[in-house]
Amino acid sequence: MVEPLRRTELSDAHVHLQDDRFGSDWADIEKYLTRAREAGVVRFLCAGTSPADWNRVAEIARRFDGVLAAFGIHPWKARKVSGDWIPVLAKFLTSFVSKDGETRASLGEVGLDFAVRDLDETERREQERVFRAQLSLANSLGVPATIHSVRANELVLKILREYPKIPALLLHGWIATPNEIASAVETGAFFSFSARSVDPSATRGRATVATVPRDRILLESDGPRLLPPNGYAGAPIASPRVYLERKSADGFLLEEPAAILSTGREIAAIRKTPVEEFFAQLALNERRFFQAIPVKSKN
Ligand SMILES: [Zn+2]
């Protein structure tokens, strides 16, 4: 069968390499990155989740080839964040440079999640306040933003339209209705999908994957997400998963960057697109998205 990825360089558009489930030693992270590169995955957008992990994200992106840094406060952590974090985030976004000496940071992962436990008015308000403060920074600094949106699509889309100077938006792991997708497309957003979105049990995820425009799709692992060995609803996993490592006693699988290869094949199947054609389109999409991340000026 086709081996389309020998010449292709793929990007994992959303991963949390700083999470200690990837291991606490540099050698552990190197192991996952090496396996990813062997599978053709050479670029990794490593997303922060709170001020507590920004230094670790920065260190990883300064140390390993192909790792780009995103700094932001995840909606799950919005309520807990305290102190004067905005200037700290601004500093990470403006002064950080990746190992290549060129690539600056972007914003992520930020957003709204109204599926959290104990959702009340305070939680909603805090999430929105922290989300807006971060978008406002990205808007004034001209950096792309990675967005998490769960049960809040309409509000997220409304808010995103208020910050039109953000040069690229990535709606990661998004599940949406056709109307919401149409509205997101108008903002110019990209959409990245992981194995979870294409799992045989993920009816709404697969419908979203089938509906978004072909020139807006990216792949992500969202590692270190753990996948149930038999899918989320006990349905068998359809596509072969490369390099997924058995991680826990109950057989859960760590979704690592190399896994985006099988996710990409599954997306091609869902969209009834030849695999080679899908990956060629993907390469163009990646180029457009990653070009929006600023580079260090030469002078
Ligand atoms: Zn994530």
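How many bridges join strand 3 (residues 67-71) to strand 4 (residues 106-113), and in which direction do the two strands run? Two bridges join them, and strand 3 and strand 4 run parallel, with Phe71 standing opposite Leu107 of strand 4. The structure is a predicted model, in which local features need pLDDT of at least 70 and side-chain atom pairs count only at pLDDT 80 or more, while totals for chains, interfaces and linings use all residues. Residues are numbered from 1 along each chain as its sequence is written.

The protein comes to ten helices and eleven strands, taken as DSSP runs numbered from the N terminus (helices are H or I of at least four residues, strands E of at least two). An open sheet of eight strands has the order 1-2-3-4-5-6-7-8 with parallel pairing, where two strands pair if DSSP finds at least two bridges between them. Its edge strands are strand 1 (10-15) and strand 8 (217-219), each of which pairs on one side only, and the twist averages 30° from one strand to the next. Helix 4 packs on this sheet, touching strand 4 and strand 5 (145-150), and its direction makes about 155° with that of strand 4; axes here are lines fitted to C-alpha atoms, for helices over the stretch in contact, and angles run from 0 to 180 degrees between N-to-C directions.

Helix 4 (residues 121-141) also meets helix 3 (residues 85-95), their axes coming within 11 Å and crossing at roughly 35°. The contact (C-beta atoms, placed from the backbone, within 7 Å) is made by Ile86, Leu89, Ala90, Leu93 and Thr94 of helix 3 and by Ala133, Gln134, Leu137 and Leu141 of helix 4.

Buried residues make up 45% of the 299 residues in the protein, a residue being buried if 20 or more other C-beta atoms lie within 10 Å of its own, exposed if 12 or fewer, and partly exposed in between, with C-beta atoms placed from the backbone. In helix 8 (residues 203-211), the buried residues are Gly205, Arg206, Thr208 and Val209. Seen down the axis of helix 8, these buried residues fall within an arc of 155°, so they line one face of the helix; the arc is that of the directions from the helix axis to the C-beta atoms. The face turned away from the buried side carries the exposed residues Thr203, Arg204 and Ala210, whereas the cover over the buried residues includes helix 6 (178-186), strand 7 (190-193), helix 7 (195-198) and helix 9 (260-270).

Terms used
Two residues are in contact if their C-beta atoms, placed from the backbone, lie within 7 Å.
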